[in-house]
Amino acid sequence: MDRQPIVAGQFYPGTAEDLRQQVHELLRGQPDDEKTILAMAPHAGYIFSGSIAGQTLSQANLGQTIVLLGVNHTGRGARIGLWPEGKWFFPGGYLQINENLAREIEKIPGVNSDYQAHLYEHSLEVILPFLWAKNNNIQIVPLSVSEFNMEILLQVGQELAQVISRQKNSASHISLVVSSDMSHYIPHELAQKKDKKAIERILNLDAKGLFTTVRQENISMCGVLPMTLGLACAKSLGATRARLVAYATSAEVSGDYAQVVGYAGIIVS
């Protein structure tokens, strides 16, 4: 089954030419020499978060296959929902599902093939044009994550790492890309303060600490669940360092400092 875009013309340009032009302008910076295990990028409208997403994904040294870990804003479908086959379309292009890898990931307890979790969800869709612009032969395995049990997230992350490790004989490495915004609809300075605490846990490669900090500090980071899973996987894959590529809030575009959304781009290697 193929997936058609649902936020083209809203979160990003609706025509192929305009989309290519904007993505080209937003992709800034050269890829790291070191291979990227995980990159985290935001998923708001490009006018707000496209600069952060573009810088991050441009500088990430991504593999030929990307396991995408996204937010489930809709509440539909499985708690860890896998799109197992077909193509994901956007204006002017598409990315193919790596169906062989998807079948292996589907064997992980807690992961279920599920289209409903993805059909009306934008968090991964807005990432695709950046990946395609970098390499239109990239293949993807999309996962929607709404599982709120930390122990399950950590366990699935570790088992996902085992699946990825078994693919070592493939032609190129497999990377993770997590889609997440940071704090939502709070004053600019408070968002900066709260987001710094979550970012510190990510930079320390501390999946459990991220989950706990976000809960204890009441940080409205929408992608804490996929990022907890992703960090657990990255650490199991041997990640040793992380760097903050960029951070901003929506106030820098809107001028509204009373109600902002925070955006962070992070690369883990």
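**Aromatic pairs and an exposed loop residue**

Trp-83 is buried in this predicted model, with a relative accessibility of 0%.

The structure contains six aromatic pairs. In the one formed by Trp-83 and Tyr-115, the ring centres lie 4.6 Å apart and the planes meet at 75 degrees, so the arrangement is edge-to-face. This pair joins distant parts of the chain, its members being 32 residues apart. Trp-83 belongs to the loop between β3 (80-82) and β4 (87-90), while Tyr-115 belongs to the loop between β6 (112-113) and α4 (116-119). Elsewhere, Tyr-12, Tyr-46 and Phe-130 come together in one aromatic cluster.

Aromatic rings also meet charged side chains. Lys-87 places its charged end over the ring of Tyr-94, 5.4 Å from the ring centre. Likewise, Arg-215 lies over the face of Phe-211, and here the distance to the ring centre is 4.9 Å.

Attention now turns to Asn-218. This residue is found in the loop between α8 (207-216) and α9 (224-236). Asn-218 is exposed because its relative accessible area, 63%, is over the 50% cut-off. Apart from neighbours within four places in sequence, Asn-218 has contacts with Lys-194 and Thr-213. Between Asn-218 and Val-111 there is a C-alpha to C-alpha distance of 27 Å, with a sequence separation of 107 residues.

Terms used
Residues numbered from 1 in each chain as written. Predicted model: local features only at pLDDT ≥ 70, side-chain atom pairs only at ≥ 80, totals over all residues. Heavy atoms only, no water. Helix = DSSP H or I, 4+ residues; strand = E, 2+ residues; numbered from the N terminus. Buried < 20%, exposed > 50% of the residue type's maximum accessible area, 1.4 Å probe, protein only. Contact = heavy atoms within 4.5 Å. Phe/Tyr/Trp six-rings, centres within 6.5 Å; stacked < 30°, edge-to-face > 60°. Lys NZ or Arg CZ within 6 Å of the ring centre and 35° of its normal.
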